[in-house]
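Here is a short report on how two chains meet. Look over the sequence and the model before reading on.

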Amino acid sequence: MSDNLIFRFEVLGNDFTSAGQASVQVKKNLRQLGFDSEIIRRVSIAMYEGEINMVIHAGGGVAEVIVSEEYIEIILEDTGPGIKDIEQAMQAGYSTASDTIRSLGFGAGMGLPNMKKNTDTMEITSTIGVGTRIVMRVLL
Amino acid sequence: MKISKMQELLEAKVLCGEEFLGRHVYSACGCDLMSDVLAFAKDQAVLLTGLVNTQVVRTALMMDMNCIVFVRSKKPGDDIIKLAEEHELVILSTDKPLYVSCGLLYTNGLAGSKEVKK
Ligand SMILES: Nc1ncnc2c1ncn2[C@@H]1O[C@H](COP(=O)(O)OP(=O)(O)OP(=O)(O)O)[C@@H](O)[C@H]1O
Ligand SMILES: [Mg+2]
């Protein structure tokens with residue numbers, strides 16, 4: 001079995017209620033594939049944080065999960081405003097979220113650091129006015 | 001602690017997952033900030049919160065929690081109940097505030113985060 005499995009999702013922007021649906025689906029798929037629960041949890045948390053970010057900061061995007069024999073890769077791509085200073089954004093507590101987002105239970109500036117914590121590799125490329133692409137891997 | 005015992009202590013209504021009240025849970029966290037739950041919770045099975053939206057359910061799902069307690073008489077909508085039912089979560093609703101609810105469970109033996117004996 002050398003073919004990778006690929007799951008692909010459109011993540012709708014500005015629809016906070018449905019945000020996270022892709023992550024819930026991925027979690028279900030990984031369970032069905034019989035992965036270890038700790039691996040599933042790490043992938044789920046990282047993807048969910050990234051998915052929420054795409055919805056609240058970037059107006060949606062595309063999420064792709066690739067399951068290979070060595071790793072599970074999560075690719076999140078949006079055409080949002082981009083991140084000006086990635087190093088700053090990675091710091092715990094840094095957030096530009098609005099009060100509305102905060103009243104919904106998010107916007108503590110914990111998402112990006114939490115994505116890093118739960119994955120083995122994480123790469124962010126972002127261009128102002130063009131969008132953001134995040135690639136994370138959890139090694140198996 | 002069995003979820004049914006939690007229900008009794010909190011004098012809570014069961015909004016869904018009646019058939020899972022016999023499940024045992026070993027720790028809980030009380031929080032209105034989902035960012036913090038995602039970043040800091042570990043192995044807690046129960047989330048007590050005053051925040052009501054679908055992301056509370058998805059956050060609980062991502063963290064492998066299996067029971068949500070909405071405090072201070074918060075009424076979740078049908079979309080929340082439906083999502084929880086689909087994923088076999090128990091939802092309880094209590095009139096008590098967050099602080100009191102957490103205190104009741106804690107003093108009756110339900111641990112917080114780093115205290116769970118394995
Ligand atoms: N996809 C994105 N597009 C544009 N900006 C982003 C994106 N993801 C994150 N950011 C920026 O980086 C900041 C930090 O993100 P992070 O996920 O750590 O925190 P947050 O989303 O603000 O709060 P939390 O994740 O705790 O709910 C955000 O406030 C936002 O300014
Ligand atoms: Mg975030």
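How many residues does the contact take from chain A and from chain B? Chain A gives 26 residues and chain B gives 21 residues. Contact here means heavy atoms within 4.5 Å.

## Basis

This is a predicted model: local features need pLDDT of at least 70, side-chain atom pairs count only at pLDDT 80 or more, and totals for chains, interfaces and linings use all residues. Residues are numbered from 1 along each chain as its sequence is written, chains are lettered from A and ligands numbered from 1 in the order in which they are written, and side-chain values use heavy atoms, with hydrogens and water left out.

## Buried area

The size of an interface is often given as the accessible area lost when the parts come together. Between chain A and chain B, about 1,900 Å² is buried. Carbon and sulfur atoms give 55% of that area. Buried area is the accessible area (1.4 Å probe) that two parts lose on being put together, summed over both.

Three residues stand out on chain A. A:Val24, A:Arg41 and A:Tyr48 supply 29% of the area that chain A buries against chain B, more than any other three residues.

Four salt bridges are counted between chain A and chain B. A salt bridge is a side-chain nitrogen of Lys or Arg within 4 Å of a carboxyl oxygen of Asp or Glu. The side chains of A:Arg31 and B:Asp64 form a salt bridge, at 3.3 Å from N to O.

## The chain A side

Which helices of chain A each supply at least two residues of the side that touches chain B? They are α1 (21–32), α2 and α5 (111–118). Helices are DSSP runs (H or I, at least four residues), numbered from the N terminus. The largest share, seven residues, comes from α2(A).

By class, this side of chain A has ten nonpolar, eleven polar and five charged residues. Ala, Val, Leu, Ile, Met, Phe, Trp, Tyr, Cys and Pro count as nonpolar; Asp, Glu, Lys and Arg count as charged; the others, Gly among them, count as polar.

## Helix against helix

Helix α2 (residues 37–58) of chain A packs on helix α3 (residues 54–62) of chain B. The angle is about 150°, and the axes are 9 Å apart. Axes are lines fitted to C-alpha atoms over the stretch in contact, and angles run from 0 to 180 degrees between N-to-C directions. Therefore α2(A) is roughly antiparallel to α3(B), a term for angles over 145 degrees.

From α2(A), the contact uses A:Arg41, A:Ser44, A:Ile45, A:Tyr48 and A:Ile52. From α3(B), it uses B:Gln55, B:Arg58, B:Thr59 and B:Met62.

Terms used: Angles under 35 degrees count as roughly parallel, over 145 as roughly antiparallel, 65 to 115 as roughly perpendicular and the rest as oblique.
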